[in-house]
Amino acid sequence: MVDPPLAAPLESLEYVVVDVETTGGAAKRDHRVTEIAAIRADGAGTTLEEFSTLIDPERPIPPFITALTGITDDMVRGAPRFAEIAPEVRRLLEGRIFVAHNAAFDWRFVSTELERAQGVGIEAPRLCTVRLARRLLPELPSRSLGALSDYFGIDNPARHRALGDARATVAVMHRLLERAAAQGIRYWHELETLFARRTPRRRTTTARSPSK
């Protein structure tokens, strides 16, 4: 996939917002995807297509992951293996912007799984909503998905599940793109320029104990 045209308006592009749940934090250490959601959306805020499924990771799910996500070995037993859904995932990603909250994490897992299943990873422009929030909302103490959802008034009843987090990320992305447009950032190349700027260092102050 080629990069978007430098003059492409952000609202004219198509995005695929991805969220994965996994057996651990390192794709290169043989951790695997247990659930994936991919939502195709346009730049105007419309969801065009949703895909989500549990996945058999072909390895046990650690108890602390089950405690976080609620996904158990019993739930993924009988679910498709990633190789079975790889063609659908690649179809959704082809020709679109890959978006995720902490995009490097989801990108590594999806690319590693596709490479394992089909011999080729993914190449696509990426948009990380964490990085975008840091640029556009420097005043916020946290840019976690939960913090941004609270800030924008976005309800996410399925936290730490792929489809719930992907839907929340779609809403966060559109709010951030609206903020970018309000600052005169309307084209892909202007977004890249925003990311290339050095982030101002925060001033630190000595903490004081509250009076009692």
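Predicted model: local features only at pLDDT ≥ 70, side-chain atom pairs only at ≥ 80, totals over all residues.
Figure 1. The chain carries 30 positive and 28 negative side chains. The centres of these two sets lie 10 Å apart. Buried residues account for 47% of the 212 residues.

**Figure 2. Fold of the protein chain.** Eight helices and five strands make up the secondary structure. Their order along the sequence is β-β-β-α-α-α-β-α-β-α-α-α-α. The radius of gyration is 18 Å, close to the 17 Å that the globule rule gives for 212 residues, so the chain is as compact as a globular protein of that length. The C-alpha trace spans about 55 × 50 × 30 Å along its principal axes. Among contacts with a separation of 6 or more, 69% join residues 24 or more positions apart.

**Figure 3. Aromatic pair Phe98 and Trp107.** The whole structure holds three aromatic pairs. One of them joins Phe98 and Trp107 in an edge-to-face arrangement. Their ring centres are 5.2 Å apart, with 80° between the planes. Both residues are buried.

**Figure 4. Aromatic pair Phe105 and Phe109 in helix α4.** This pair is tilted, at 5.0 Å centre to centre and 50° between the planes. Both residues belong to helix α4 (residues 103–118). They sit four residues apart, about one turn of the helix. Phe105 has 21% relative accessibility, so Phe105 counts as partly exposed. Phe109 has 2% and therefore counts as buried. The cut-off for buried is under 20% relative accessible area.

Conventions:
Residues numbered from 1 in each chain as written. Heavy atoms only, no water. Helix = DSSP H or I, 4+ residues; strand = E, 2+ residues; numbered from the N terminus. Rg over C-alpha atoms; globule rule 2.2 N^0.38 Å. Buried < 20%, exposed > 50% of the residue type's maximum accessible area, 1.4 Å probe, protein only. Contact = heavy atoms within 4.5 Å. Lys, Arg positive; Asp, Glu negative; His and termini not counted. Charge placed at Lys NZ, Arg CZ, Asp CG, Glu CD. Phe/Tyr/Trp six-rings, centres within 6.5 Å; stacked < 30°, edge-to-face > 60°.
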